[in-house]
Amino acid sequence: MDSAATANEVSATPEVAWSEAHLESSMAQLQEMHARLCKLRDAVSRLVDPMLFQQNSPEELYNDFARNVNRTQADVQELTRLVRSERSKEIFERAAESRAQNSGDIRGWRVTEHEDWLDVPGPDGPRDVNTVGTTGPNADSSPRTSIEDLRAAMEQFKNDHPGIDSSLDETSMAMMINLPPPGGIRFRVAINLDSTTQSTFVVTCSESSSMHATILQNINNIARNCNPDALLGILASYVNFQKTPCSRCKRLLDRNAQFPLLRVDRSSGHHESRTGVQWQPLHLNCV
């Protein structure tokens, strides 16, 4: 009798609490699963992408479609592997046990209860799109640019991005950058070299949605502080902006269903050189 009672007490005793390191490792595993799941959000659009624009031949269409199918299948298999792994099963079982033991303290959660749940403020708190890209060593002015600099920048851009239609019109002093699908943005960069102190760039595009307005606002903030090489680089970073997740939260869409439309140079911290600039995509709330 006493032995049975003792056995019941032992079985009812909660498991030993996980260490802080074990909990952090479990959270990292869940985050990895979530990131893999987010990659599948664009699976359907990825599959039909080759059909959205004219291909050179049926064989090219088939090859692009087959390549996207294989890529999507690999993503699904990787997510399945993570979900079915012993580590994940351990985490799910632990969560179920915890909820069974403390069911009174756990209830359903709705995103509307905490509208800022996805906000990831920077060290100085959330920032506004009007201020993104306006600070740094060259925040006061852009370096003086010559027509030779523009020619060299355009030539380098063509070499680095052969799939992007680009041109320099020296008569109207404008650079035309036409991104291919899925980005599909047609940028025009107006250039003013008349100033004796600094050159100015004004970027516009043919599209007029609020999404494109946000993109232009961010680009023009940065255009005041960088040379043409860095500016062309940021335009090229929008080729796949509808498929590239935020570099901070690793999500494609934020709580407002917005793509990571902002770009921040996280490499050298300035825009003086032609190399080393790495434009990272960010949601507004993740800056």
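User: Helices are DSSP runs of H or I with at least four residues, strands are runs of E with at least two, and both are numbered from the N terminus. With that settled, in which loop is K250 found?

Analyst: A quick note first: this is a predicted model, in which local features need pLDDT of at least 70, side-chain atom pairs count only at pLDDT 80 or more, and totals for chains, interfaces and linings use all residues. Numbering starts from 1 along each chain as its sequence is written, and side-chain values use heavy atoms, with hydrogens and water left out. K250 isn't a glycine, yet its phi is positive at about 65 degrees. Its place is the loop between α8 and β5 (262-265).

User: Is K250 buried or exposed, or something in between?

Analyst: Under 20% relative accessible area is buried, over 50% is exposed, and partly exposed lies in between (1.4 Å probe, protein chains only). K250 has 44% relative accessibility, so it comes out as partly exposed.

User: On to the sheet. What is the order of its 4 strands?

Analyst: Two strands pair if DSSP finds at least two bridges between them. The sheet is open and its pairing is antiparallel, with the order β1-β2-β3-β4.

User: Why is one side of β1 and of β4 left without a neighbour in the sheet?

Analyst: β1 covers 165-169 and β4 covers 200-205.

User: How many bridges join β1 to β2?

Analyst: β2 spans residues 174-178 and runs antiparallel to β1. Among the bridge partners, S167 goes with M176, and D169 goes with A174. The count of bridges joining β1 and β2 is 5.

User: Which strands does helix α6 touch?

Analyst: Contact means heavy atoms within 4.5 Å. α6 (residues 147-160) packs on the sheet, and its direction makes about 170 degrees with that of β1. The strands it touches are β1, β2, β3 (186-192) and β4.

User: And what angle does the direction of helix α8 make with that of β4?

Analyst: α8 (residues 228-236) also packs on the sheet, with contacts to β2, β3 and β4. Its direction and that of β4 make about 15 degrees.

User: How many residues sit between β1 and β2 in their hairpin?

Analyst: M173 is in the loop between those two strands. Its phi is near 55 degrees, a positive value in a residue other than glycine. Most residues other than glycine have a negative phi. The number of residues between β1 and β2 is 4.

User: How far apart in space are F187 and T204, C-alpha to C-alpha?

Analyst: F187 is in strand β3 and is buried, with a relative accessible area of 1%. In sequence, F187 and T204 are 17 residues apart, while in space the figure is 5.8 Å.

User: Which residues does T72 contact, leaving aside neighbours within four places in sequence?

Analyst: T72 is part of helix α4. At 9% relative accessibility it counts as buried. Its contacts are L40, A43, R46 and L47.

User: At roughly how many degrees do the axes of α2 and α5 cross?

Analyst: In α2, H22, S25, S26, Q29, L30 and M33 meet R87, S88, E90, I91 and F92 in α5. The two helices are roughly perpendicular to each other. Their axes come within 10 Å, with a crossing angle of roughly 110 degrees.

User: What separates the C-alpha atoms of L30 and S88?

Analyst: L30 lies in α2 (residues 20-39) and is partly exposed at 32% relative accessibility. Not counting residues up to four places away in sequence, L30 touches I91 and F92. L30 and S88 are 58 residues apart along the chain, and their C-alpha separation is 7.8 Å.

How values were computed. Axes fitted to C-alpha atoms, helices over the stretch in contact; angles between N-to-C directions. Parallel < 35°, antiparallel > 145°, perpendicular 65-115°, else oblique.
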